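Me: Please take a close look at one part of this model for me, and then carry on to a couple of single residues. I'd like it in plain words, with the cut-offs spelled out.

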Amino acid sequence: MLTNIVLTGFMGTGKSVVARELSRLCGMRLVDIDREIERSQQKPIAEIFALCGEDHFRQIETAVILQYASEQGVVISTGGGAVLREENLKALQAHGIIFCLTAGSETIALRTAGNNDRPLLQGNDRQAKIAVLLTERQPFYEKAGIMINTEGKTPLEIAEEIIGKLSWTR
Ligand code: S3P
């Protein structure tokens, strides 16, 4: 069986760009769960949140994760909240190795500045919002998978670090 490489971690930790590097370096197909959600709903994520609310978004997210988790030999990039549901993690862990990308709240605020696509980070004082959510979610990220600190590293360096770890986990 070909193991999947799964990336999770808070918004702005670089999952999508690192997943693209991994896909290129390993010659594995890339599945970006957020993009698949948007494709299935024919709407941007922000609109799904606005029209249907977060709970409904989480249901769609789980359905899409369950659909792709059992594929083989793919790189899967999840949204930052995928770790919140046990069933998402179980499905992803069954066929893949999960890496959780991390960064501090200042770095995340800088990386997400000027981007209005993330409904959970809208409004004033983004850094405070990030800090609160990060603290709330920390236990979920810690149990999700192998932690990879992304501070001060390029997407290529992070992808290479993950590949290095794969050689001893496989
Ligand atoms: C979310 C993260 C987003 C997206 C949605 C909710 C979260 O994905 O799934 O806005 O709850 O952390 P990214 O982590 O790719 O920004």
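**Helix α5 and two buried residues**

Reply: Among what covers the buried residues of α5 is α6 (126–144), where contact means heavy atoms within 4.5 Å. Keep in mind that this is a predicted model: local features need pLDDT of at least 70, side-chain atom pairs count only at pLDDT 80 or more, and totals for chains, interfaces and linings use all residues. Residues are numbered from 1 along each chain as its sequence is written, and side-chain values use heavy atoms, with hydrogens and water left out.

Helix α5 itself covers residues 105–112, and its buried residues are Thr-107, Ile-108, Ala-109 and Thr-112. Helices (H or I, at least four residues) and strands (E, at least two) are DSSP runs, numbered from the N terminus. Buried means under 20% relative accessible area, exposed over 50% and partly exposed in between (1.4 Å probe, protein chains only). After α5 comes Gly-114, with a positive phi near 80°.

Now for Lys-15, which sits in helix α1 (residues 15–26). Lys-15 counts as buried because its relative accessibility is 8%. Leaving out residues up to four places away in sequence, Lys-15 touches Leu-7, Thr-8, Gly-9, Phe-10, Ser-77, Thr-78, Gly-79, Gly-80 and Leu-101. Glu-71 is 56 residues from Lys-15 in sequence, and 19 Å from it in space, C-alpha to C-alpha.

Asp-32 belongs to strand β2 (residues 29–32). At a relative accessible area of 12%, Asp-32 is buried. With residues up to four places away in sequence not counted, Asp-32 touches Ser-16 and Ser-77.
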